[in-house]
Amino acid sequence: MRKQFLTLALLGLSVGLISWGFKGHQAVATIAQKHLTPHTAYVVSAYLQGESMANVSTWADEHRNPTGKWHFLNPPLGLSHQQFVDFVSQQSNDNVYGAILKEEAILKDNASSFEQRNLALKYLIHLIGDAHQPMHISRKEDKGGNTIQVRFDNKDTNLHSLWDSKLIDHEGLSEADMAKQYDWANEAQIKKWQADNPMEWLWESYQISTELYADVKPGQTMDEAYYKKYIPTIHLRIDQAGIRLAGELNKLLTDTKAKIVKQALMPQKNTPHSGEKVAAVNLNDIGKYIGDTVKVVDKIYGYKELANMTMLNMGGAFPNQRLTVILKGDAKKYLAAMIQLDSNKKSKSINGRQLLAIGPVTLYRSKPQIVISDPNKFGLYPDK
Ligand code: ADE
Ligand code: ZN
Ligand code: ZN
């Protein structure tokens with residue numbers, strides 16, 4: 001009994017670590033973030049409550065119970081395109097294809113709650129990545145290559161894990177550098193990729209995994225030549241996943257009404273944060289939090305746009321503000337985009353609007369400030 005338990009636990013472990021690894025998923029999310037329209041970026045930032053897409057990209061792997069089957073699909077080998085489409089269409093929805101369609105429907109549905117949107121977005125960010133990992137569209141007999149043992153970099157591993165992470169680790173780039181170097185697609189290419197539907201993404205993965213199965217012998221040592229042959233395929237699949245994720249979100253979220261975004265930006269009773277918890281702090285107490293990372297929601301008294309930063313005075317007009325929120329870089333750019341989005345307003349001023357800001361409180365000339373350059377760390381409440 002005990003031995004059986006141990007075997008089960010080991011088996012669970014060996015097939016439990018299954019997805020592009022952390023780096024793969026984070027690169028997909030970072031590439032996607034760069035291809036969002038400002039409007040979509042705004043909605044995404046609201047749904048994720050200030051967390052970045054990269055940050056939530058592996059959440060679904062940490063919550064596989066009871067959705068473990070949502071990460072892959074196991075068709076038999078040797079299907080034609082039509083047979084593949086028929087096979088996938090006839091499956092129950094408990095696989096990566098069904099899960100992607102289900103989560104997309106939730107994001108599109110005006111009746112979905114904030115919690116549903118937050119979950120659906122986290123699943124979609126992850127699962128579009130998995131759909132592009134060739135070994136996630138693979139054979140049932142070998143658990144998607146998990147039971148095909150190989151050696152790589154002087155270690156025992158398996159074909160699945162090689163494609164989730166080992167080839168990427170061997171390349172040795174940071175997630176940020178991956179996102180930069182992999183993302184080579186031009187406008188025409190982007191348009192083409194974004195026009196393909198999820199069935200085609202899976203078909204592509206299936207064709208690649210078919211080749212990978214033909215190119216491996218159990219127990220084989222994978223050498224530098226194998227790495228060199230296939231690393232461009234990994235670059236391609238991760239770039240495609242990121243660009244298509246952005247394409248899907250741009251389509252799904254264009255019509256999202258200000259009312260729904262506002263609901264998401266309201267402080268939630270049970271914020272389903274997947275990462276660090278950030279304490280919401282009252283502006284009157286901000287002085288007690290110097291050095292701490294906090295979340296503040298309050299009214300904008302006034303603001304000033306400079307060339308390289310936008311300064312927002314909170315809790316009072318300059319120079320009597322309680323807190324200055326300073327937006328730089330992409331954060332500054334996105335605020336400008338949000339102001340533009342309020343096209344139905346005569347005045348483009350955001351004075352009086354509620355601002356959400358997340359970051360460490362520092363002192364500048366003995367006044368509290370929060371400096372933000374990540375567009376996911378602030379939000380502007382839609383106007384009433
Ligand atoms: N991960 C766990 N089981 C799998 C399977 N059967 N196919 C692909 N990926 C998997
Ligand atoms: Zn996964
Ligand atoms: Zn995997």
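Two strands pair if DSSP finds at least two bridges between them. The legends below refer to a predicted model.

**Figure 1. Strand β8 and its pairing with β10 and β5.** Strand β10 (residues 378–380) runs antiparallel to β8, and 3 bridges join the two. Within this pairing, Leu-356 has Gly-379 in β10 as its bridge partner. Strand β5 (residues 293–305) is also antiparallel to β8 (residues 354–364), with 7 bridges between them. Here Gly-359 in β8 stands opposite Val-294.

Figure 2. Strand β9 (residues 367–372) pairs with β8 in the antiparallel sense, over 4 bridges. Pro-368 in β9 is found opposite Leu-363.

**Figure 3. The aromatic pair Trp-59 and Tyr-123.** The model has 8 aromatic pairs. In the pair of Trp-59 and Tyr-123, the ring centres are 5.1 Å apart and the planes meet at 75°; planes over 60 degrees apart count as edge-to-face, so this pair is edge-to-face. It links distant parts of the chain, with Trp-59 in helix α5 (residues 59–62) and Tyr-123 in helix α8 (residues 114–132), 64 residues apart. Both Trp-59 and Tyr-123 are buried. Ring pairs also bring in Trp-70, giving a cluster of Trp-59, Trp-70 and Tyr-123. The ring of Trp-59 has the charged end of Lys-122 over it, 4.6 Å from the ring centre.

**Figure 4. Helix α8.** The helix has 19 residues, and at 1.5 Å a residue it should span 27 Å. Its end C-alpha atoms are 28 Å apart, which agrees with that expectation. Of the 19 residues in α8, 16 are buried, and the helix is mostly covered.

**Figure 5. The aromatic pair Trp-163 and Tyr-230.** These two rings form an edge-to-face pair, 5.5 Å centre to centre, with 65° between the planes. Trp-163 belongs to helix α9 (residues 159–171) and Tyr-230 to helix α13 (residues 224–253); the pair links distant parts of the chain, 67 residues apart. Buried means under 20% relative accessible area. Trp-163, at 0% relative accessibility, therefore counts as buried. Tyr-230 counts as buried because its relative accessibility is 3%.

Figure 6. The model has 11 salt bridges. Side chains of opposite charge can pair when their charged atoms come close. Asp-196, Glu-204, Arg-237 and Arg-244 are linked in a network of salt bridges. Arg-244 and Asp-196 meet at 2.7 Å, N to O. Arg-244 lies in helix α13 and Asp-196 in the loop between α11 (187–195) and α12 (198–214), so this pair ties together parts that are 48 residues apart in sequence. Arg-244 is buried at 1% relative accessibility, whereas Asp-196 is partly exposed at 26%. The salt bridge of Glu-204 and Arg-237 has an N to O distance of 2.6 Å. That pair links distant parts of the chain, with Glu-204 in helix α12 and Arg-237 in helix α13, 33 residues apart. Arg-237 is buried, with a relative accessible area of 1%. Glu-204 also meets Arg-244 in a salt bridge, at 2.9 Å, N to O. Because Glu-204 lies in helix α12 and Arg-244 in helix α13, this pair ties together parts that are 40 residues apart in sequence.

**Figure 7. Lys-299 and the ring of Tyr-301.** Lys-299 lies over the face of Tyr-301, at 4.8 Å from the ring centre.

Technical notes. Residues are numbered from 1 along each chain as its sequence is written. Chains are lettered from A and ligands numbered from 1 in the order in which they are written. This is a predicted model: local features need pLDDT of at least 70, side-chain atom pairs count only at pLDDT 80 or more; totals for chains, interfaces and linings use all residues. Side-chain values use heavy atoms; hydrogens and water are left out. Rings of Phe, Tyr and Trp (its six-membered ring) pair if their centres lie within 6.5 Å; planes under 30 degrees apart count as stacked, over 60 as edge-to-face and the rest as tilted. Buried means under 20% relative accessible area, exposed over 50%, partly exposed in between (1.4 Å probe, protein chains only). A charge sits over a ring if NZ of Lys or CZ of Arg is within 6 Å of the ring centre and within 35 degrees of the ring normal. The expected span of a helix is 1.5 Å times one less than its number of residues. A salt bridge is a side-chain nitrogen of Lys or Arg within 4 Å of a carboxyl oxygen of Asp or Glu.
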